[in-house]
Amino acid sequence: MMPWKVSPSPVGEYDVPKDDEQVTEARVKVDGVTKVFTSTTNGRRVEALQEVSLHVETGEFVCLLGPSGCGKSTLLNILAGFERPTKGEVLVSGHRVSGPGPDRGYVFQEPALFDWMSVWGNVKFGLVCNPDTRKRFPDPDKQVQQCIELVGLKGFEHTFPNFLSGGMKQRVAIARALAPDPDMLLMDEPFGALDAQTRYLMQGALLEIWERTRKTIVFVTHSIEEAVFLADRVVVMTARPGKIKWIDRIQVCRPRDLSDMSLMETRARLFELIGTEMKETEA
Amino acid sequence: MSSDGSLLIAAESDLLTGNRHTTTGKHLFRRYWLVIAILIVWELAARYGYLPRAVLPAPSTVAQSAASLTAHRDPALGSLPDHLLRSLGRQLLGFGLAVAVAFPLGVWMGMSQKVRECLLPLVQIFYPVPGLAWTPLAILWLGLGGKTVIFLIFIGAIWPILYGTIGGLQNIRPHYGRAAASLGATHFYQLTRVSIPASLSMILTGLRLGYGASWRTIVGAEMIASTSGLGYMLSVAADTRRGDVIVAGMIIIGALGFLIEYFAFDRLDRATVGRWGMRETH
């Protein structure tokens, strides 16, 4: 029925190094991560992630794709340090993740901007909110200005977030996450709440930012088009318990045209994969 | 990008013009015409004998009495500016003390579930007790006089401020905390720059309610426990059958409450949550 499914999913091609030696290329190493949530009301245990292993190279753009409830956001939250894995471990830049930190910028689905600070104040926050970063950026204003220009918000420095459109809010959120010069960006469906037109514009803007900064990006989405348009690699996850079902490497160079033949094929394949997943959940 | 920009400009100009309109004379008239109409009808009714002087003196009589009490010290009633300043001073002191105690305590209770579980039952018991119900105990502790009045203002204001602050801190969207943590904010930085501003809208509501509650307490407290202040003036006026002074005192109390509400709280509101677009201002 699906000839490409004959070969085992390419998850296995990433050998987990058994020795303590650090592999410098891999920015992110997720090793055998399982996450079990226990309901506080009835004590029922829900397995959100099961034995997930994934490596992300430095500078790579990876999209986590899957039906809702598949644990892709849980995986991202574990990478961010908001959640602890029940089993397994996560290394970012060779350090075990034990909590949230400024080495991993996070962009939320809802912009989560500090409404009481101007665009400038929001972007500056990460540069002055702890003594380490203050030492690292003795001249924060220059960095703030650069980040604001990078996301195309020059001229809006003194505007408060509630007077910005949804797309512009997400630009601020990206600038704020980039300001402390993190090793990577974690993005949780950042364009999910935007209208189609703005979403398309923002995808282009993000690729431009990525090409200029070359940050490693892990991007959660449920849109196949978005994943195919953005990512170097698309990681498809199964319905609960979330496991990695398939990894697709997309080598078409950017800017991509979604009507390109090979991208059409990839889209059809991913569509099929996710379709079967959703059927299984409903059954 | 360009569509984004025009959207923003439209939204911003709307907001600015909306704010500006509220200060024009036309707007003021639309808001207060009923007050003016009532004053006119009242004055006419009193002048043409429909309202006996013993029931309700005319507004002009009330104004004259207020003016004469301001200019001369009445042997029984005292001087209006003296009473007014005395009441205001007590109000400021009592309310200031209430803020100084309730705000930090509320922040603490809002942040820590343990502290909240321990102290909230206490707050819940005292909150419904009217400020004036504390008068006998206050007199027992502090005697008759200004101290008792200040204590009653304090106790009247403290509960709403506490509730507002606790509620504000408890209801912060979890995203804010996560965003601050992922940027590496220290606990102190997060508290002062994120948690407190994020809950400011509810904190301000608590302050407003606390202020209102204590301003309503002060008159009663001064009637019972003091020999100065607007409340005392009202009780003397009642004893001496001076309806004009009673009405003047009531109007002054209402007007003062309104002016402080407008100049202090509305301004504060507009300078913070209003300016940030976190709440519709009127």
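User: What makes the four strands of chain A an open sheet?

Analyst: In this predicted model, the strands follow the order β2-β1-β4-β5 with antiparallel pairing. Strands here are DSSP runs of E with at least two residues, helices are runs of H or I with at least four, and both are numbered from the N terminus. At the edges stand β2 (45-57) and β5 (95-96) of chain A, each with a single partner strand, so one side of each has no neighbour in the sheet.

User: How do you know that β1 and β4 of chain A pair?

Analyst: Two strands pair if DSSP finds at least two bridges between them. Five bridges join β1 (residues 26-38) to β4 (residues 87-92) of chain A, therefore the two strands meet the definition of a pair.

User: Why is helix α2 of chain A called mostly covered?

Analyst: Buried means under 20% relative accessible area, exposed over 50%, and partly exposed in between (1.4 Å probe, protein chains only). Nine of the 10 residues of α2 (119-128) are buried, among them A:Trp120 and A:Phe125.

User: What is A:Phe125 in contact with, beyond its neighbours within four places in sequence?

Analyst: Contact means heavy atoms within 4.5 Å. The partners of A:Phe125 include A:Phe114, A:Met117, B:Tyr189 and B:Val194.

Methods
Residues numbered from 1 in each chain as written. Chains lettered and ligands numbered in written order. Predicted model: local features only at pLDDT ≥ 70, side-chain atom pairs only at ≥ 80, totals over all residues. Heavy atoms only, no water.
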